[in-house]
Amino acid sequence: MASNSSFSDLNERSDLRSRQTEAIKRMINFNSPLRSSTAEEPAWKVLVYDKYGQDIISPVMSVPELRERGVTLHLQLHSNRDQVADVPAVYFVLPTAENIARICQDIRSQMYESYYFNFITAVPRQRLEELATASIESDSVTSINKIVDQYQSFLSLEDNMFVVRQHDLEPLSYYGINRPDSRDTDMDVMRDAIVESLFALFVTLGTVPVIRCPRGNAAEMIAEALDKKLRENLRDTRNSLFNGDTAAGQFRYASGRRTSHYCSLLACLAHLFMSDYVAKTSRLLHECIAVHLLSTPIANPLGPYFGSGNTTA
């Protein structure tokens, strides 16, 4: 599911894509402030990601840009990787059971000199305990330098256009939401995936939104879940992901048509309001065509005289 928004409170240098790019660069720099000068030699490192992490990084950073940041190798988590014992590794993965199991295997094998674990979404306590157990058993506690929840579960394809999780696209499509045989559990999975991505988006922007949605449909269900998640985070002032510039008083949830002073936001699902033709076309393409990172395979209708197989457009 794709969405396009006009964040009016952001200047040209603070669009969504720029914010996510800055967050990714900071993560690659061991979650330290970015260097102001390029003359300084970067610290060399290995970047390890899963499929979703790769999809997030690909639209915002090219291979040469990764090399400029000191990334000598960028590898899939579940690929056959050789041990590089004298180089630190930066991980960027979802905190799934499968991914955590492979990370624990890396720790026990002492694959790298040190580890910087960056999780795309918040890592559950159970997964943290599994990491702790693996590090203790392999005597590698001192090798784990940082574990960070990045909140980056969305893809920035254009300056202010984002796409939620790409995997298992059908449940997040218009058809997946409105099909008559959909179960409550399917709707819950869909809701949680979209809410997680929208929450990550606002954490990246550092903006507390005003939510507006129609009543009695999936948009209201998502808005209520996002409302709850934001309020819970804002209530914990010590650990809130939003700084003091985004006060809780700016947050407002309106499920009717009458609302005022709402800051450019939220477009919940198929009811997201689009103001221009390009935005509508972008969403239509993502709903109707298998678009992946702004490309889609197209079957060749002209036969063997003009080549065979599929073409990527």
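Predicted model: local features only at pLDDT ≥ 70, side-chain atom pairs only at ≥ 80, totals over all residues.

Visitor: In what order do the strands of the open sheet come?
Guide: The order of the 5 strands is 3-2-4-5-6, with parallel pairing. Two strands pair if DSSP finds at least two bridges between them; strands (E, at least two residues) and helices (H or I, at least four) are DSSP runs, numbered from the N terminus.

Visitor: Which strands stand at the edges?
Guide: Strand 3 (71-76) and strand 6 (144-149) do; each has a single partner strand, so one side of each lacks a neighbour in the sheet.

Visitor: How many bridges join strand 4 to strand 5?
Guide: Strand 4 (residues 89-93) and strand 5 (residues 115-119) are joined by 5 bridges, and Ala89 has Tyr115 as its bridge partner.

Visitor: Which strands does helix 4 touch?
Guide: Helix 4 (residues 97-109) touches strand 4, strand 5 and strand 6, and its direction makes about 175° with that of strand 5. Contact means heavy atoms within 4.5 Å; angles run from 0 to 180 degrees between N-to-C directions of axes fitted to C-alpha atoms, for helices over the stretch in contact.

Visitor: New topic: is Ser143 buried or exposed?
Guide: Ser143 counts as buried, at 18% relative accessibility (buried means under 20% relative accessible area, exposed over 50%, partly exposed in between, with a 1.4 Å probe and protein chains only).

Visitor: And where does Ser143 lie?
Guide: Ser143 is in the loop between helix 5 (125-137) and strand 6. Leaving aside neighbours within four places in sequence, Ser143 contacts Glu113, Ser114 and Tyr115.

How values were computed
Residues numbered from 1 in each chain as written. Heavy atoms only, no water.
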